[in-house]
Amino acid sequence: MKILVTGGAGYIASHTNLELLNAGYEVVAIDNLSNSCKESIRRVEKITGKEISFYENDIRDKEALINIFNKENIDGVIHFAGLKAVGESCRIPLEYYNNNISGTINLLEVMDRFDVKNLVFSSSATVYGDPKTVPITEDFPLSVTNPYGRTKLMIEDILRDLYSADPEWNIAILRYFNPIGAHESGEIGEDPNGIPNNLLPYIAKVASGILDKINIFGGDYDTHDGTGVRDFIHVVDLSLGHIKAIEKLGDKPGLVTYNLGTGQGHSVMDIINNYEKACNKKLPYVITDRRPGDIAVSFADPSKAYNELGWKAKRGIEEMCRDSYNWQSKNPNGYR
Ligand code: NAD
Ligand code: UFG
């Protein structure tokens with residue numbers, strides 16, 4: 001089976017490429033390298049001893065996509081490509097709509113033309129907005145508060161419309177919680193441009209002395225220690241969820257939606273404490289104002305993915321912090 005991975009050089013995609021190759025799939029990757037480096041592809045090839053067919057193209061370039069579908073015998077697509085920074089999406093919303101929405105429509109049109117109707121889509125727990133209760137199940141009401149989140153919800157709606165119009169499609173919508181960590185080899189990991197927005201890459205840069213202290217956004221939430229609580233999930237567990245989703249598409253399930261989380265909530269302070277153990281040093285931090293738009297608590301009920309895919313996250317926050325620090329110490333400047 002040959003899988004086209006869009007955004008194939010990115011953080012979650014590189015870990016998924018590795019698991020796909022290990023599971024015996026052939027991987028074709030497309031990426032415009034707007035937020036990644038081709039080095040991640042090379043490293044996955046090095047770890048697995050297998051080749052990835054890589055195309056440096058934009059998914060909004062229809063001719064490029066047609067060329068790939070003509071050359072490669074694609075059986076299914078895992079669609080990661082997209083812009084993902086919440087704050088940036090408020091500053092440049094049109095770029096987010098253009099990249100994420102137009103790119104996805106382009107991809108779907110080309111898939112339709114080549115009669116490739118198996119798709120796994122990277123959605124996000126952001127589509128649950130500020131949930132009234134936790135844990136969050138897939139049937140919770142959907143709402144979003146920023147352009148990035150809106151692109152995810154719009155794409156989900158587009159996929160639901162597409163499936164009602166043509167039930168030959170098989171689509172798995174995966175709603176990720178908070179992916180962190182890195183492959184245990186330390187060869188691939190998260191490599192954001194500039195100063196990180198997300199907690200773990202920020203902590204990693206403090207641990208390696210590149211940034212001087214962690215800013216904890218809010219210490220007065222209604223949580224066990226006052227800091228925000230999230231469902232942090234090891235990126236390798238998340239990637240294995242994609243393999244299960246691809247397998248599921250083989251049973252022609254129609255359109256299915258799964259939360260990919262651990263079911264456990266951990267606070268920002270819990271993560272800092274674990275990271276200190278992983279790097280064996282004290283990490284300076286200050287508690288600052290809440291970040292606008294943040295919610296207090298979010299964690300998944302992942303039981304649907306367990307019951308229907310046989311998938312369950314296995315790695316705990318100790319391993320997440322250990323593997324993050326291992327990647328950071330081996331690659332202080334990321335792939336560059
Ligand atoms: P990432 O930025 O590392 O990966 C996305 C990749 O897509 C990058 O390599 C980028 O260069 C590429 N890309 C962007 N626009 C493109 C285009 N028009 N054509 C071709 N390539 C393009 O991000 P990630 O963390 O690996 O996220 C992957 C997907 O998962 C994204 O869709 C993201 O929204 C979603 N997601 C991520 C998180 C998270 O916390 N990391 C949470 C929920 C959902
Ligand atoms: N945080 C800090 N300091 C930082 C960064 C984050 O205290 O420097 C806190 C946040 O306030 C929050 C927690 O750490 O309480 C996690 O924040 P992240 O930015 O790492 O992650 P979010 O939960 O805000 O959002 C992430 C992705 C979204 C995605 C969401 C759900 O960035 O795109 O997970 O999947 F939608």
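1. A salt bridge is taken here as a side-chain nitrogen of Lys or Arg within 4 Å of a carboxyl oxygen of Asp or Glu. Lys46 and Glu187 form one such pair, their closest N and O atoms being 3.3 Å apart. Lys46 belongs to helix 2 (residues 39–48) and Glu187 to the loop between strand 7 (178–180) and helix 7 (199–207), so the pair ties together parts that are 141 residues apart in sequence. Helices (H or I, at least four residues) and strands (E, at least two) are DSSP runs, numbered from the N terminus.

2. The model is predicted, so local features need pLDDT of at least 70 and side-chain atom pairs count only at pLDDT 80 or more, whereas totals for chains, interfaces and linings use all residues. Residues are numbered from 1 along each chain as its sequence is written, chains are lettered from A and ligands numbered from 1 in the order in which they are written, and side-chain values use heavy atoms, with hydrogens and water left out.

3. Side chains of opposite charge can pair when their charged atoms come close. By the rule given above, the model has 20 salt bridges. In one of them Glu72 pairs with Lys2, with 2.7 Å between the closest N and O atoms. This pair links distant parts of the chain, 70 residues apart: Glu72 is in the loop between helix 3 (62–71) and strand 4 (76–79), and Lys2 is in strand 1 (residues 2–6). Both Glu72 and Lys2 are buried; buried means under 20% relative accessible area, exposed over 50%, and partly exposed in between (1.4 Å probe, protein chains only).

4. Lys117 and Asp115 meet in a further salt bridge, at 3.7 Å from N to O. Salt bridges that share partners join Asp112, Asp115, Lys117, Asp166 and Glu168 into one network. Lys117 is buried at 12% relative accessible area, while Asp115 counts as exposed at 53%.

5. Which residues come closest to ligand 1? They are Asp31, Asn35, Ser36, Lys84 and Tyr148, among the 28 that surround ligand 1; a residue is near if one of its heavy atoms lies within 4 Å. Polar contacts (pairs of N or O atoms within 3.5 Å; within protein, one must be able to donate a hydrogen and the other to accept it, and residues adjacent in sequence count only if both atoms are side-chain atoms) include a nitrogen atom of ligand 1 at 3.0 Å from a side-chain N or O atom of Asp58. An oxygen atom of ligand 1 lies 2.8 Å from a polar backbone atom of Phe80. The protein covers 95% of the 820 Å² of accessible area that ligand 1 has on its own, by the Shrake-Rupley method with a 1.4 Å probe; for residues, only the protein chains shown count as cover. Strand 5 gives the most to this shell, with three residues.

6. Around ligand 2 there are 19 residues, of which Ser124, Phe177, Asn215, Arg230 and Asp294 come nearest. Polar side-chain atoms lie 2.5 Å (Asp294), 2.8 Å (Asn198) and 3.3 Å (Ser124) from an oxygen atom of ligand 2. Taken alone, ligand 2 exposes 680 Å², and the protein buries 88% of that. Strand 8 (residues 214–217) gives the most to the shell around ligand 2, with three residues.
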